[in-house]
Amino acid sequence: PSATPSGTPPSRPVRAVMFDVGGVLVDSPLEAILGYERRLGLRPNTINRLIAAGGHTGAFSRLERGELTVAAFSAPFNEECKAAGVHGVDGAELMRRITTGLQPRPAMLEAARVLRAAGIRTAAVTNNFRFGDAGEVDPNEAMLAPMRAVLDDVIESCKTGLRKPDHAIYQLACHRLGVQPGEAVFVDDIGRNLKTAQALGMRTVKVALDDMHGVRALGELQRL
């Protein structure tokens, strides 16, 4: 995989590897979204296109930056769907499907552990959601706890107010790991997230939706 738009590999040695969570370290929530679309009789990727069309000010982007809680997300998202002519989508049901049943991918977590043991700095960089107010029990922790055990850092969009694919969250991750972008590899399952990493000079590895255990992605990572 290339680290720059031109495809020219950087000369710096790899000092850090950053992992997405959903679709990389745990199962992909995209499967849950596709299942919901099938249930509603919607064309595949209808919901993802709606989310993308909402842009920086859309309900989903605000949710991922922690400006909305999961409970507060549903009403504005439902209105965005109706305004786009997509009826029947319920934000609360969408979030229930996205946030339940995601299983860890042991091979990817083990790869992260091995990298860290070898002296490579490691982090998860995730777009996630704020379920309640500060001080309340955070359901994110049940999923993130195994990652905190094998990674140097976990960078959450809902706590930093930054989200992928915005440049700032990648730059924050590099700062917290003490590396330059050209010294880092970014592993994600979403192409637009990888494009930003590439633009900053990172090497990238894409985890395909059908690469259920990350086997192909791990092969790419080992070759870097």
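This section describes the strand arrangement, a helix pair and the cysteines of a predicted model.

The strands β3-β2-β1-β4-β5, in that order, form an open sheet of 5 strands with parallel pairing. The edge positions are taken by β3 (153–156) and β5 (203–206); each has a single partner strand, so one side of each is left without a neighbour in the sheet. On average, and with direction ignored, neighbouring strands of this sheet are turned by 20 degrees against each other. Within the sheet, strand β1 (residues 16–19) runs parallel to strand β4 (residues 184–188), and 4 bridges join the two. Ala16 is found opposite Ala184 in β4. Helix α9 (residues 167–177) packs on the sheet, where β1, β2 (121–126), β3 and β4 are touched. The direction of α9 makes about 160 degrees with that of β3.

A helix pair was also examined. Helix α4 (residues 70–83) packs against helix α5 (residues 91–99) at an angle of about 130 degrees, and the axes of the two helices lie 7 Å apart. The two helices, α4 and α5, are therefore oblique to each other. On the α4 side, the contact involves Val70, Phe73, Ser74, Phe77 and Asn78, which meet Gly91, Ala92, Leu94 and Met95 of α5. The residues of this contact comprise 6 nonpolar and 3 polar ones, with no charged residue.

With regard to the cysteines, a search of the whole structure returned 0 disulfides. Cys158 has a relative accessibility of 10% and therefore counts as buried, the cut-off for burial being under 20%. Cys174 is likewise buried, with a relative accessible area of 3%.

Technical notes. Residues are numbered from 1 along each chain as its sequence is written. This is a predicted model: local features need pLDDT of at least 70, side-chain atom pairs count only at pLDDT 80 or more; totals for chains, interfaces and linings use all residues. Side-chain values use heavy atoms; hydrogens and water are left out. Axes are lines fitted to C-alpha atoms, for helices over the stretch in contact, and angles run from 0 to 180 degrees between N-to-C directions. Angles under 35 degrees count as roughly parallel, over 145 as roughly antiparallel, 65 to 115 as roughly perpendicular and the rest as oblique. Contact means heavy atoms within 4.5 Å. Ala, Val, Leu, Ile, Met, Phe, Trp, Tyr, Cys and Pro count as nonpolar, Asp, Glu, Lys and Arg as charged, and the others, Gly among them, as polar. A disulfide is a pair of cysteine sulfur atoms within 2.5 Å. Buried means under 20% relative accessible area, exposed over 50%, partly exposed in between (1.4 Å probe, protein chains only). Two strands pair if DSSP finds at least two bridges between them.
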